Amino acid sequence: MKVVILAGGLGTRISEESHLKPKPMIEVGEMPILWHIMKYYSSYGLNEFIILAGYKQYVIKEYFANYFLHNADITFDMGRNTMEVHNSEAEDWKVTVVDTGLHTMTGGRIKRVEKYLHDEPFMLTYGDGVSDVNLQELLDFHKKKGKVATITMVNLTQQKGVLDVDQDGIIHSFREKEEKDGAVINGGFMVLEPEIFRYLQDDRTILEQSTMQALASEGKLAGYYHPGFWQCMDTQREKKLLEELWASGKAPWKRW
């Protein structure tokens, strides 16, 4: 099964770094978060990736074109104009990077790679979030439900204290936030059937709006609830959190 990764957005909320590179190429533990996501899928035996690039797409292409230069020791013999790569173990990956346009919406980006998916089910996620979701259980759930699309649902943690207020504005209880207080949101890590392309019109199609709304109204959208770890990287604060988890040696998404 192929894994499609949305990696074409501008990343304006983490512009301190995204003005230099696409957000999926921002590093956590000296490796792009895109690499972390791909390593996670690869740990489940999913090794064929289609990366939907856009903003500064050449940076992603150059990274994979020069993968050994980024990840191995190199000896340059300047006199002989030769290069020797040491410890050149590589990932067992097949990576297709597609320039899906600078301003194309998420659904439009997926529509542009239909020809690469050969009428097969595929997995889809965003290029800026990691999780410890069980991908095999997700796939089994998707097959059992038999819907066009399955999304992974996660809790968006409540950031503030929780109040119980009546209609007269009287507070009857106050307590600190708990994880269960957060709203359930789309955490990515999706499974899609080829029928999804019937719901993708053109570059203006937004997957999370018209497409998902249509699927939901027709009863063709399933939600797999994941109570465990999930974290996107929209801000420097969130990047720092992921960095700290990685440095601790206890990053929940590291299963390789």
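**Exercises on a predicted model**

Lys21 is partly exposed, because its relative accessible area is 23%. The scale runs as follows: buried means under 20% relative accessible area, exposed means over 50%, and partly exposed lies in between (1.4 Å probe, protein chains only).

This is a predicted model: local features need pLDDT of at least 70, side-chain atom pairs count only at pLDDT 80 or more, and totals for chains, interfaces and linings use all residues. Residues are numbered from 1 along each chain as its sequence is written, and side-chain values use heavy atoms, with hydrogens and water left out.

**Exercise 1. Describe the largest nonpolar core.**

Step 1. A nonpolar core is a set of buried Ala, Val, Leu, Ile, Met, Phe, Trp, Tyr and Cys residues joined through side-chain atoms within 4.5 Å.

Step 2. Give its size and centre of contacts. The largest core has 42 residues, and Tyr41, Ile60 and Phe64 have the most contacts inside it.

Step 3. Name contributors. Elements giving two or more residues include strand 1 (2–7), helix 3 (57–65) and helix 7 (135–145). Helix 2 gives the most, with 7 residues.

Step 4. Look around Phe64. Its contacts, not counting residues up to four places away in sequence, are Leu34, Met38, Ile51, Trp93, Val95 and Val97.

Step 5. Look for another core. A second, separate one has 23 residues, among them Val148, Ala149, Met190 and Tyr199.

**Exercise 2. Compare two aromatic pairs: which is stacked and which is tilted?**

Step 1. Set the cut-offs. Rings of Phe, Tyr and Trp (its six-membered ring) pair if their centres lie within 6.5 Å; planes under 30 degrees apart count as stacked, over 60 as edge-to-face and the rest as tilted. The whole structure holds 13 such pairs.

Step 2. Take Phe64 and Tyr67. This pair is stacked, at 6.4 Å centre to centre with 5 degrees between the planes. Both Phe64 and Tyr67 are buried.

Step 3. Take Phe122 and Phe197. This pair is tilted, at 6.0 Å centre to centre with 35 degrees between the planes. Phe122 lies in strand 8 (residues 122–126), and Phe197 lies 75 residues away, in the loop between strand 14 (190–192) and helix 8 (207–217).

Step 4. Check burial. Phe122 is buried because its relative accessibility is 0%. Phe197 is buried because its value is 8%.

Conventions
Helix = DSSP H or I, 4+ residues; strand = E, 2+ residues; numbered from the N terminus. Contact = heavy atoms within 4.5 Å.
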